Amino acid sequence: MEWLQKIDTAVRSSLPVALCLVFVLLDMAPWTSPIAHAVLDPIPLIILCYWVIHRPEFFPMSASFGVGLLRDALSGQFLGVITFSYLLADFILRSQRTFFANQPFLSSWMVYGLVLTGAGLLQWSLTSLMEHEFLDLVPMLLRIAFGVLLYPVISGVLSWLQNILSRG
Amino acid sequence: MRDRNLFSSTITRPAGAMMWIGAALVLLLMNFVFPKVSASVRTTVIDLLSPLIRVAGTPAEMAQGLQGRFHDAAQLRADNEALRAEVANLKTWAEAARQLEDENRRLKSFLRYKDESVVSYITTRAIAESGGGFRNSVIVTAGSSEGVERDMIALDENGVVGRVIEVGNWTARVLLYSDLNFRLPVTVEEANQRAIFAGQGRHDPKLMFMPQELEVKPGMRVVTSGHGGLFPAGLPVGVVKEASEGNITVQTFGRVDTMEMIRLARYQLPKETPSPDAASSEKTPDAESPLQKAEPPVLKEKEKDKEKEKTDTPKKTEPSTQKAP
């Protein structure tokens, strides 16, 4: 029965990364509504930020690298743009996670908003630099706005999931 | 007991973090130093994950189907009337197109014009799109194993929607006309003027490198020019929407927000130029006209009736023109 327990532990600890990958793939689906992409796009970063702060062992940097690389490859962008922004966000949050984990909800919401804005602007800057022209900023601002609005809902679900994983 | 996960080899010390960030910087540099490697990484990842991508697209397809059903139920009567009017209009155009095609064939024969180029189509399905990224593209379920090649033109049922930029074994990426990097050589038909069709992101695409003195009016048809020999000429792109000084925008026929099935045009130029003697003596079978394929059954019946009338009426003998000695 020990092997069952090991499988159970492995599945539980892989759930955060798997959830992130599911939302990456859902964002790639051919939704007819233009709002769908704006809503789904920031969710993987919400998941990454939450788990890096609260349970970093469930979301190591290798996972952040893998998720970022997957998004770069699937979206057809220059490789490394999203990867670099995700790793930078991961590094900053992980290095200060003790401070962020003890903050009230409104503070953590604001921190996430800053991280999302920083990551979005970094992606926009890098892509504009590589394309040699200033890209349209409005779609990126829309995604940032939706991400900030959705944070309470997503973090609530992730908090519930964290309680379930902790029971094991 | 400390939880372990599948990525247990990750190091969380700053040195380890720098290693991963360094790897990301290497990826960024690889786009310039080894662009082909970057492209092959993208296509390999998509090829490997295409089954998962298709599964992940199921909710979007279901949502699209439900939306379509509601729309159909609400718009049934209006759609029926619109379709009847369109069919009546198309019947008129079919007859005019047939006459033009006959005249075109006679003129080509008169000039001994021989077009050995072959256009075939690969029909495929869009399973993913670039999401919220800066690149507007879709992934289709056809790759080099099905004969897809780079720079093939992509069309939906109405017109051009993009061109192929990356090809994997089983999938390919199509850059849409709404992308900022999209460029396509076109011709404005009525003005007989070539231009470059350029994507503008959220805004309407525009035509570049048009002479200032040329008068371009809204409503003029824009088609592919075929320059470069990569794709056939005459494929529908759109109509001129606005034509102010220095800014000509196009209303495209193809729709990038609702497409599901995409056709990729495979265009093959003749490999050898035949000698004039061989061209005149060689009889080539006429390629089947697209009008013949698309001919509605009602018109076919009319043609059969015409042929029947010809065979039933007695042949009139022409008066002899020979003079009596």
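Two strands pair if DSSP finds at least two bridges between them. Keep that in mind for the sheets. One more point before we start: this is a predicted model.

Let's take chain B. Its secondary structure comes to six helices and twelve strands. Chain B has 325 residues, and 33% of them count as buried. Now the contacts in chain B between residues at least 6 apart in sequence. Of these, 56% join residues at least 24 apart.

On to the barrels. One closed barrel in chain B has six strands, in the order β1-β2-β5-β4-β3-β12, and the pairing is antiparallel. On average, neighbouring strands of this sheet are turned by 45° against each other, direction ignored.

One pair to look at: B:V119 has B:Y267 in β12(B) as its bridge partner.

Next, β5 of chain B, residues 172-176. Is this strand covered or exposed? Mostly covered: five of its five residues are buried. B:A172, B:V174 and B:L176 point one way from β5(B). B:R173 and B:L175 point the other way, and these are buried too.

What pairs with β5(B)? β4(B) and β5(B) form a hairpin, and four residues lie between them.

Now the other barrel. A closed barrel of six strands in chain B runs β6-β7-β8-β11-β10-β9, again with antiparallel pairing. Its neighbouring strands are turned by 45° against each other on average, direction ignored. Look at β9 and β10 of chain B, residues 221-224 and 236-244. They pair antiparallel over three bridges. B:R221 has B:V239 in β10(B) as its bridge partner.

Let's move to the interface. How many residues does each chain bring to the contact? Chain A gives 53 residues and chain B gives 52 residues. The area buried between chain A and chain B is about 4,600 Å². Carbon and sulfur atoms give 69% of that area. Which residues of chain A lose the most area to chain B? They are A:P30, A:T32 and A:L79, together 14% of what that side buries.

Last stop: helix α5 of chain A, residues 81-95. This helix has 15 residues. From first C-alpha to last, α5(A) reaches 22 Å, close to the 21 Å expected at 1.5 Å a residue.

Why call α5(A) largely enclosed by the rest of the structure? Because eleven of its 15 residues are buried. The cut-off for buried is under 20% relative accessible area. Among the buried residues are A:V81, A:I82, A:F84, A:Y86, A:L87 and A:L93. A:D90 and A:R94 are on that list as well.

What covers them? The cover from chain A includes α3 (43-54), α4 (61-75), α6 (97-101) and α7 (105-131). Chain B takes part too: its α1 (14-33) is included in what covers the buried residues of α5(A).

How values were computed. Residues numbered from 1 in each chain as written. Chains lettered and ligands numbered in written order. Predicted model: local features only at pLDDT ≥ 70, side-chain atom pairs only at ≥ 80, totals over all residues. Heavy atoms only, no water. Helix = DSSP H or I, 4+ residues; strand = E, 2+ residues; numbered from the N terminus. Expected span 1.5 Å × (residues − 1). Buried < 20%, exposed > 50% of the residue type's maximum accessible area, 1.4 Å probe, protein only. Contact = heavy atoms within 4.5 Å. Axes fitted to C-alpha atoms, helices over the stretch in contact; angles between N-to-C directions. Buried area = accessible area lost by both parts, 1.4 Å probe.
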